[in-house]
Amino acid sequence: MNRLGMHMMLYTSEWTEPRARTVLERAKEFEYDFVEILIFDPASIDAAMTARLSTEYAVPVEATICGAPTADLSSDDPETVRRGEAAISRGIEVASEMGATLLGGPTFSAVQRYPSPPSQAARERITDSYARLADRATAAGIRLGLEALNRYESNFVNTVGQAADIVRKVGSPALFVHADLFHMNMEEHHLPTAVAEVADVLGYVHVAESNRGALGTGNTDWPTFFGALAGIGYDGPITFESFSPTVLGEEMTSLIALWRAQWTDPDEVAKSGIAFMRDHLQRSARSGAHHGS
Ligand code: LER
Ligand code: MN
C-alpha cells in the first residue's frame with residue numbers, strides 16, 4: 001500500500017509552530033499518512049519543533065528541498081556548487097532530525113527560468129556532488145531524491161529519465177527519482193513509458209493536476225497515470241501537491257508563476273484530494289487484477 005502524503009503548501013509556505021499545528025491537525029483529520037515539508041532554508045527551519053509536533057499529532061513527516069541561485073549544484077561557479085552541496089547536506093541532517101525517511105525535490109538546481117542550457121562540465125561534475133551527498137544521506141539514515149521539473153523551473157533535469165540517469169551513474173541506493181505529474185505532463189513523451197523506464201529507481205511521487213489546482217479539475221489522464229504506477233508495482237509514498245496564491249507568500253507565488261487562484265479553501269482541496277487518490281489507486285489495482293487473471 002502506498003503511503004499518502006499532504007503537501008504543507010496546501011495550507012502555508014511558512015513552517016512556524018502555529019501553522020505546523022494547523023497542517024498536521026488537518027492531515028490527521030483527513031487521514032493522510034504523512035505531511036511533506038518543503039525546507040526553504042535548512043539553516044532556519046525548526047527541526048526539533050517539527051519532530052515534537054509530528055509525535056504529538058502522530059503524523060509522520062517527509063521533506064523536500066530546492067536549490068537556490070546562490071547555492072546550486074548545476075552551476076559552473078565552484079563556490080556556488082560548494083554552497084549548494086552544503087545546503088543540501090544540511091537539508092539531509094534537518095530532514096533526518098525531523099524524523100523524515102526521505103528528502104526529495106529539485107536538489108540539483110534552483111527553481112527558476114534559466115536563460116541558457118547547463119554546461120557539459122556541470123553535467124559531468126554533478127555526479128561527484130551526488131556521490132558525496134548520497135554518502136551523507138546514508139550516514140543520516142535517509143534517502144535523497146531528484147525531482148524532475150519542467151523547462152521553465154529548471155534547465156537541468158526536466159524528465160524522470162534524466163533524473164534516473166544521474167541516479168544510475170552514481171549507483172547509490174540512497175538516491176531515488178522523484179516524479180511530479182504536473183512536470184511530467186509538460187515534458188514526457190508518453191506517461192506509461194516514462195514511468196516504466198524509471199521503475200527501478202522511482203522513490204517518490206507528487207500527484208499534481210495539470211493546472212496545479214484541485215485534483216480532477218484539469219486535463220490530466222488519471223487512469224493512465226495510476227495505471228502506469230500499478231503497472232510497475234510502485235508501492236512507495238505519493239504526495240498530493242497543489243498550490244494557491246491565496247495561501248502562499250509572494251516569494252513562492254512568483255517562483256512557480258501562480259498567477260491565478262485555482263482554489264481558495266484548502267480544507268476542501270485536501271479532503272477531496274485524498275479521496276481522489278484512494279479512488280484511483282483502488283481502481284487501478286482492480287483493473288490490474290483483471291488483466292492479471
Ligand atoms: C515545484 O514546481 C515543485 O513541483 C515542488 O515539488 C518543488 O519542491
Ligand atoms: Mn512537485
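In this predicted model, the count of aromatic pairs comes to 4. A pair of aromatic rings is described by two values, the distance of the centres and the angle of the planes. One of the pairs joins Phe108 and Phe156. The ring centres of Phe108 and Phe156 lie 6.4 Å apart. Their planes meet at 25°, so the pair is stacked. The cut-offs are centres within 6.5 Å for a pair and planes under 30 degrees apart for stacking.

Ligand 1 takes up the space of the largest cavity. Its surroundings consist of Cys66, Pro106, Glu147, Glu153, Asp180, His183, His206, Arg212, Glu241 and Ile256. By class, this shell holds 5 charged, 3 nonpolar and 2 polar residues.

Polar contacts to oxygen atoms of ligand 1 come from several side chains. For Glu153, an N or O atom of the side chain is 2.4 Å from a ligand oxygen. For Asp180, a polar side-chain atom lies 3.0 Å from an oxygen atom of ligand 1. For His206, the distance from a side-chain N or O atom to an oxygen of the ligand is 3.2 Å. Ligand 1 on its own has 260 Å² of accessible area, and the protein covers 99% of that area.

Note on methods: Residues numbered from 1 in each chain as written. Chains lettered and ligands numbered in written order. Predicted model: local features only at pLDDT ≥ 70, side-chain atom pairs only at ≥ 80, totals over all residues. Heavy atoms only, no water. Near = heavy atom within 4 Å. Polar contact = N/O pair within 3.5 Å; in protein donor to acceptor, adjacent residues only side chain to side chain. Areas by Shrake-Rupley, 256 points an atom, 1.4 Å probe, with all protein chains shown as cover. 1 Å grid on protein atoms, 1.4 Å probe; cavity = no way out; pocket = protein on both sides within 12 Å on 5 of 7 lines; lining within 4 Å. Sits in = over half its atoms within 2 Å of the grid points. Nonpolar A, V, L, I, M, F, W, Y, C, P; charged D, E, K, R; others polar. Phe/Tyr/Trp six-rings, centres within 6.5 Å; stacked < 30°, edge-to-face > 60°.
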